Amino acid sequence: MARRPTIKDIARRAGVSESAVSFALNDRPGVSQDTRARIRRVAEELGWQPNSAARALSGERSGAVGLVLARPAQTLGVESFFLQLVSGIQEVLSAGRVALLFQVVDGIDAECAVYRRWWAERRVDGVLVVDPRTDDPRPELLARLGLPAVMIGGASGASGASGTGGVSGTGETGETDGSGALSLSSVWADDARAMAQVVEHLYGLGHRRIAHIAGLPGLAHTARRMASLRAEAEARGLDPEHVRSVVTDYSDAEGAAATRRVLAEPEPPTALVYDNDVMAVAGIAVAAELGIAVPGRISMVAWDDSALCRVTHPRLTALVRDTAGFGRLAAEELLAVLAGSPPRARESEQPRLEPRESTAPPTAAY
């Protein structure tokens with residue numbers, strides 16, 4: 001391997017001392033403008049780059065931010081949401097020449113251990129935190145460590161519903177400390193209003209029995225969606241026994257299994273709402289296997305549109321949002337925090353429902 005150029009190499013070629021090189025490359029006084037320009041030109045010719053580890057140890061920034069995913073590994077390989085999210089994050093970070101340090105772990109405890117290690121080793125300047133929990137230890141840990149962070153998906157523990165039918169909206173406030181002041185920045189999308197759109201669409205078609213094939217229990221956005229579904233059903237006078245949520249791990253296998261269970265009930269739902277595209281496509285496959293027509297006997301809706309929703313048959317009615325834009329907003333907010341901006345909660349673009357061929361009025365025979 002080629003040897004990386006050092007400050008000594010730059011000093012030798014530029015004909016100056018190593019201290020002069022250090023002054024010039026770190027924008028410190030002590031060298032003339034001509035000497036500074038010559039040193040920087042030589043550094044560029046040699047392909048020299050600052051050592052991020054050494055800079056971190058000296059108290060300077062590492063030039064990297066971190067992202068840890070505590071999700072089942074089998075769900076990450078097929079779900080497009082995180083690929084689009086990371087694409088948007090990387091777009092902003094690359095423009096600012098900031099690296100993204102990425103790690104997948106098997107649980108929340110392992111994620112917290114990564115944050116402690118990164119902080120101790122000065123590996124990252126800040127972190128992007130995904131999947132807020134209803135009972136989340138991470139905000140308090142990050143505040144204690146003094147590690148700048150942005151929560152993607154809103155404040156942990158937020159489960160209020162908002163929407164139509166006289167249900168009041170609670171909104172998002174972000175993570176707060178004991179005084180009520182924001183302690184952690186967040187970017188969020190209104191899951192409650194998105195679910196309200198779905199229920200309004202299905203109710204308008206005539207559906208009165210709706211099952212929500214939800215994601216992981218304990219996630220704040222899962223709680224918000226489930227609470228919104230209950231609130232919207234209550235506002236319309238629907239039987240709570242016929243409007244309910246079933247939690248899964250987001251995988252196609254569990255999505256398929258949950259679909260089989262609810263369709264085998266004595267009074268099966270006439271509409272299914274899936275928390276991601278992968279489970280929705282698995283649900284269509286199960287319906288085909290059982291000889292249940294979509295949307296003739298069962299309507300289906302997917303959360304977060306993707307190519308899968310648009311190429312499957314029938315095409316899936318889905319909630320559409322700019323997921324890459326959500327990632328860009330999160331990265332921009334973290335860079336703002338690192339530049340000294342106070343914590344704040346920023347709302348992303350409201351998801352919108354795009355009706356397609358997978359939803360229709362229910363048949364009287366089913």
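Does D304 count as buried or exposed, and at what relative accessibility? D304 counts as buried, because its relative accessibility is 12% and the cut-off for buried is under 20%. The model is predicted.

**Cavity**
- The structure holds 1 cavity of 30 Å³ or more, and the volume of the largest cavity is about 260 Å³.
- Its lining consists of 22 residues; F81, D131, H221, R225 and R321 are the ones that lie nearest the centre.
- Two or more lining residues come from each of α6 (80-95) and α10 (220-235).
- By class, the lining of the largest cavity has 10 nonpolar, 3 polar and 9 charged residues.

**Backbone: background**
- Most residues other than glycine have a negative phi, and most peptide bonds are trans.

**Cis peptide bonds**
- V294 and P295 are joined by a cis peptide bond with omega of about 5°; P295 sits in the loop between α12 (277-290) and β10 (299-302).
- H313 and P314 are also joined by a cis peptide bond, with omega of about -5°; P314 belongs to the loop between α13 (307-311) and β11 (317-320).

- R122 is not a glycine, yet its phi is positive, at about 55°.
- The loop between α7 (108-121) and β3 (126-129) contains R122, which counts as partly exposed because its relative accessibility is 44%.
- D304, likewise not a glycine, has a positive phi of about 70° and is placed in the loop between β10 and α13.

Note on methods
Residues numbered from 1 in each chain as written. Predicted model: local features only at pLDDT ≥ 70, side-chain atom pairs only at ≥ 80, totals over all residues. Heavy atoms only, no water. 1 Å grid on protein atoms, 1.4 Å probe; cavity = no way out; pocket = protein on both sides within 12 Å on 5 of 7 lines; lining within 4 Å. Points joined across faces, edges and corners; volume = space filled by probe spheres on them. Helix = DSSP H or I, 4+ residues; strand = E, 2+ residues; numbered from the N terminus. Nonpolar A, V, L, I, M, F, W, Y, C, P; charged D, E, K, R; others polar. Buried < 20%, exposed > 50% of the residue type's maximum accessible area, 1.4 Å probe, protein only.
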